Amino acid sequence: MTTQTADPAGRAETPARGTDVSAVRPTTAPVPVRPAGRGRFVQPARPPRPGAAAAPDAGDGAGAGASRGGPVDPVRVLMHRHRELCERAVDPLEIAAGLEAHGVTDRTAARFRHRDVFSLAEELYARVPRADEQDAPAHAPAHTDPLPAAWAAYALLPGVLCALTLLAGDLLTGGPGIAVTVAGAVATLAAVALCLRRGPLRADGYAPWTRTCWLLLYAVLGDGLLSRLLGEGPLWAPEPAALVGLAAALAPAAWCARLLSVQARRRLSASRGTEDFGAAVRPLLLGVFGLYAATLAALLYGAAGLGFDGAFAVSALAVGSLLFLARLLAVHGMPRAGAAGLTAACVVEALALAAPLASRVPGCEALAALVRAAVREWGAGAVPALACGAAALGLLAHAAVALSRASAHAGRRA
């Protein structure tokens with residue numbers, strides 16, 4: 001009978017004398033150890049079992065949103081960062097516009113394994129659940145236009161009221177004429193305020209009334225006043241035809257703003273990239289502005305032909321174009337650029353009126369030389385035409401860039 005003794009250190013059993021050594025196998029494999037500090041030992045890592053997946057490397061740049069040992073999800077971090085935007089969006093287009101406003105481009109979308117921003121927005125829209133229906137009114141867009149029949153009707157009021165007020169003021173004299181003129185002026189201002197607070201021309205928080213009133217007053221009285229200061233005309237030479245044409249131009253301004261919003265929305269739906277959308281919107285913007293300018297010119301010419309004092313003036317056309325572009329930028333969330341354009345035009349006109357007065361000071365005769373030369377060469381209307389025309393061209397160039405971004409049309413509803 002053979003006897004075996006087990007080694008307490010884990011070595012193979014020692015066979016008794018006379019036993020075949022090849023028949024005896026060790027019960028435990030030798031375990032090497034390495035020191036891990038004074039008086040301590042560390043068990044080495046066990047080899048992986050067959051078929052087991054290797055743990056991910058912590059420094060492989062997988063992203064904070066990837067689960068340990070699972071596939072990397074590059075969209076998860078972006079989804080959490082813009083969760084509020086995705087929850088409130090009514091379609092993927094608003095998410096695309098919001099991402100673009102935060103600086104996400106097609107090149108950035110490629111790092112998230114998408115061909116463009118729109119494709120990335122579609123995935124975010126599909127993965128992030130919408131807000132509850134009870135919260136939908138709170139998340140409704142800020143700009144909600146009424147039915148076209150409503151704003152199209154009261155967009156005609158300013159021009160009609162202005163024309164009737166001027167006609168009544170010419171027919172009536174004395175106290176009744178003054179009363180009718182004052183009442184008509186108040187009604188016209190109320191109609192203008194209604195058009196600017198509702199419908200396609202609505203722009204919350206944008207009310208440059210002082211600069212707008214200055215430009216309109218100069219369009220009516222400025223040319224005569226400047227001629228008088230230069231000693232070349234009467235003091236009172238109003239041109240109400242310009243005022244009637246500009247008041248009536250509120251209707252085509254609202255229609256053109258509506259047209260731009262609707263068509264830009266459609267191009268946003270059909271575009272598959274930010275560059276594609278920008279290339280489609282720029283010609284649209286130029287076409288809408290050209291349509292408004294042509295309609296305004298027709299209204300100014302018609303007002304002069306209906307018997308109102310004054311003739312067709314390029315300066316009034318420049319004023320109307322500047323006001324339209326400034327309002328259009330404000331409607332699409334860029335009021336500062338429009339306000340800057342209005343301010344620049346007002347400053348130039350004010351300096352033109354102040355130059356003849358300053359030239360009367362001894363030794364300052366040269367201050368009015370430029371204004372006097374422009375008036376003698378092109379007439380008094382050259383000052384507002386140059387001031388408002390240059391500001392309008394600057395705003396048009398800015399709008400061609402700013403309104404070609406999808407973020408400028410995210411909050412506009414067709």
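# Inside a predicted model

Visitor: Which residues are buried in H7?
Guide: This is a predicted model. Buried means under 20% relative accessible area. In H7, that holds for Pro158, Gly159, Cys162, Ala163, Thr165 and Ala168.

Visitor: How far apart are the end C-alpha atoms of helix H7?
Guide: Helix H7 covers residues 157-171, which makes 15 residues.

Visitor: What does the secondary structure of the chain come to?
Guide: The chain has 414 residues, and 40% of them count as buried. Its secondary structure comes to 16 helices and two strands.

Visitor: Among contacts between residues at least 6 apart in sequence, what share joins residues at least 24 apart?
Guide: Contact here means heavy atoms within 4.5 Å. Take the contacts in the chain between residues at least 6 apart in sequence. The share joining residues at least 24 apart is 71%.

Visitor: Which helix gives the largest share of the lining of the largest pocket?
Guide: The largest pocket has a volume of about 1,400 Å³. Two or more lining residues come from each of H7, H8 (174-197), H9 (209-229), H10 (240-248), H11 (250-270) and H13 (314-331). The largest share is eight residues, and it comes from H8.

Visitor: Which residues lie nearest the centre of the largest pocket?
Guide: The lining of the largest pocket holds 47 residues. By class, 33 are nonpolar, eight polar and six charged. Nearest the centre lie Leu189, Val192, Leu216, Leu243 and Ala247.

Visitor: Why is H10 largely enclosed by the rest of the structure?
Guide: H10 has nine residues, and seven of them are buried, so the rest of the structure largely encloses this helix. The buried ones are Pro240, Ala241, Ala242, Val244, Gly245, Leu246 and Ala247.

Visitor: Which residues line the largest cavity?
Guide: The structure holds one cavity of 30 Å³ or more. The largest cavity has a volume of about 30 Å³. Its lining has seven nonpolar, no polar and one charged residues. They are Trp151, Tyr154, Ala155, Cys195, Arg198, Pro200, Leu201 and Ala254.

Visitor: Which residues does Leu322 touch, not counting residues up to four places away in sequence?
Guide: Leu322 is one of the residues that touch the most other members of the largest nonpolar core. Not counting residues up to four places away in sequence, Leu322 touches Leu215, Gly341, Leu342, Ala345, Cys388, Ala391, Ala392 and Leu395.

Visitor: Is Val75 buried or exposed?
Guide: Val75 is found in the loop between strand E2 (41-42) and helix H1 (76-81). The cut-off for a buried residue is under 20% relative accessible area. Val75 has 2% relative accessibility, so this residue counts as buried.

Visitor: How far apart in space are Val75 and Leu124, C-alpha to C-alpha?
Guide: Leaving aside neighbours within four places in sequence, Val75 is in contact with Phe112, His114, Leu120, Glu123, Leu124 and Arg127. Val75 and Leu124 are 49 residues apart in sequence. In space, C-alpha to C-alpha, the distance is 7.9 Å.

Terms used
Residues numbered from 1 in each chain as written. Predicted model: local features only at pLDDT ≥ 70, side-chain atom pairs only at ≥ 80, totals over all residues. Heavy atoms only, no water. 1 Å grid on protein atoms, 1.4 Å probe; cavity = no way out; pocket = protein on both sides within 12 Å on 5 of 7 lines; lining within 4 Å. Points joined across faces, edges and corners; volume = space filled by probe spheres on them. Nonpolar A, V, L, I, M, F, W, Y, C, P; charged D, E, K, R; others polar. Helix = DSSP H or I, 4+ residues; strand = E, 2+ residues; numbered from the N terminus. Expected span 1.5 Å × (residues − 1). Buried < 20%, exposed > 50% of the residue type's maximum accessible area, 1.4 Å probe, protein only. Core = buried A, V, L, I, M, F, W, Y, C linked by side-chain atoms within 4.5 Å.
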